[in-house]
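Work through the exercises below with the sequence and the coordinates at hand, and try each task before reading its solution.

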Amino acid sequence: MKNYLLCFASALLIFSCTEPAAEKKPVKVTATKKWQTDTVLKVPESVLYNPADKFLYVSNIDGKPDSVDGKGFISRLNLDGSIAQLEWVKGLDAPKGMGVYQDKMYVTDIHKLVVINMDSAKVEKSYMIDSSLFLNDVTVDAKGNVYFTDSGAKKIYVLKDGVVSLWSSDPALVMPNGLLAQENSLRIIDMGSGLFYDADYSTKKLTGVADSIPGGDGVMQIAKNEYIISCWPGEVYFVNDTTVQKILDTKDAKLNAADAWYVEGESLLVVPTFFGNSVMAYTITKE
């Protein structure tokens, strides 16, 4: 009897050790429209939320994306979508990506990186990038280093300690656009190839995270290993280690989905519609 029990216990142990692990269930993400601004914005390209003052900032090209015309401006919105100040900063050309560190805002403006004092709402400095073709997105790491893309020249630059230098011109980059600074690496969405990369700060080596994300523009993290990527043609995707899921498609409505922002704590995705001249907000839910 004792031997029988021993064999039975051994069999149970073998079965439990060899039983396949439960398959990880994909996360289902839903975007539900919450509000939309009036069409008073002028070719809005990028959105940024600043927790310090609780305003949404929107860069307005107000013309062609590469026109040096002084018509570009930045708006301030309240979290409910109402316009707090339509022309908070004006006199720019075609502003696109924005990043904030302490009391400074960093904005790409075709061929220069502009520094705005947020207390005075004045441009206090500009860094001309002589060889640039089309400066695009901006992200700032925890140390205040400012990374920004040149989508036209297939490059990524960094502003560190007051000096701009080339950070990467990896030949794999086709049209680098959206950036997201993380603790140990930079996340990059390539608008041209549809590839989503992770690039280690030290080695700068590109590691593929996901693919088949066409026209990627903005990169946002919503939880650990979970990202939302807005795509200029009018789509938004959720990405994690098991899923590339389309959660929004506004192409039929002829609305773009440019460089969006996810507001932590509000579960709010805010999307600039570019030629739609408005900003739209969606509540993000996960199942």
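**Exercise 1.** Identify the residues with the most contacts inside the largest nonpolar core, and state which elements contribute to this core.

*Solution.* A nonpolar core is taken as a set of buried Ala, Val, Leu, Ile, Met, Phe, Trp, Tyr and Cys residues joined through side-chain atoms within 4.5 Å, where buried means under 20% relative accessible area, exposed over 50% and partly exposed in between (1.4 Å probe, protein chains only). The model is predicted, with local features needing pLDDT of at least 70 and side-chain atom pairs counting only at pLDDT 80 or more, whereas totals for chains, interfaces and linings use all residues. Residues are numbered from 1 along each chain as its sequence is written, and side-chain values use heavy atoms, with hydrogens and water left out.

Step 1: the largest core has 19 residues, and those with the most contacts inside it are Ile 228, Val 236, Ile 247, Leu 269, Tyr 282 and Ile 284. Step 2: the elements giving two or more residues to this core include strand 1 (29-36), strand 18 (216-223) and strand 24 (279-286), strands being DSSP runs (E, at least two residues) numbered from the N terminus. Step 3: strand 24 gives the most, with 3 residues.

**Exercise 2.** List the contacts of Leu 269 beyond its neighbours within four places in sequence.

*Solution.* With contact meaning heavy atoms within 4.5 Å, Leu 269 touches Met 220, Ile 228, Val 236, Ala 260, Trp 261, Tyr 262, Met 280, Ala 281, Tyr 282 and Ile 284. A second, separate core of 14 residues includes Val 89, Leu 92, Met 98 and Ala 121.

**Exercise 3.** Classify the ring pair of Trp 232 and Phe 275, and explain which parts the pair ties together.

*Solution.* Step 1: rings of Phe, Tyr and Trp (its six-membered ring) pair if their centres lie within 6.5 Å, and planes under 30 degrees apart count as stacked, over 60 as edge-to-face and the rest as tilted; the structure holds 8 such aromatic pairs. Step 2: the ring centres of Trp 232 and Phe 275 are 6.2 Å apart with planes at 85°, so this pair is edge-to-face. Step 3: because Trp 232 lies in the loop between strand 19 (226-231) and strand 20, and Phe 275 in the loop between strand 23 and strand 24, the pair ties together parts that are 43 residues apart in sequence. Step 4: Phe 275 also forms an edge-to-face pair with Phe 274, at 4.7 Å centre to centre and 85° between the planes. Trp 232 is partly exposed, at 28% relative accessibility, whereas Phe 274 is buried, at 5%.

Terms used
Helix = DSSP H or I, 4+ residues; strand = E, 2+ residues; numbered from the N terminus.
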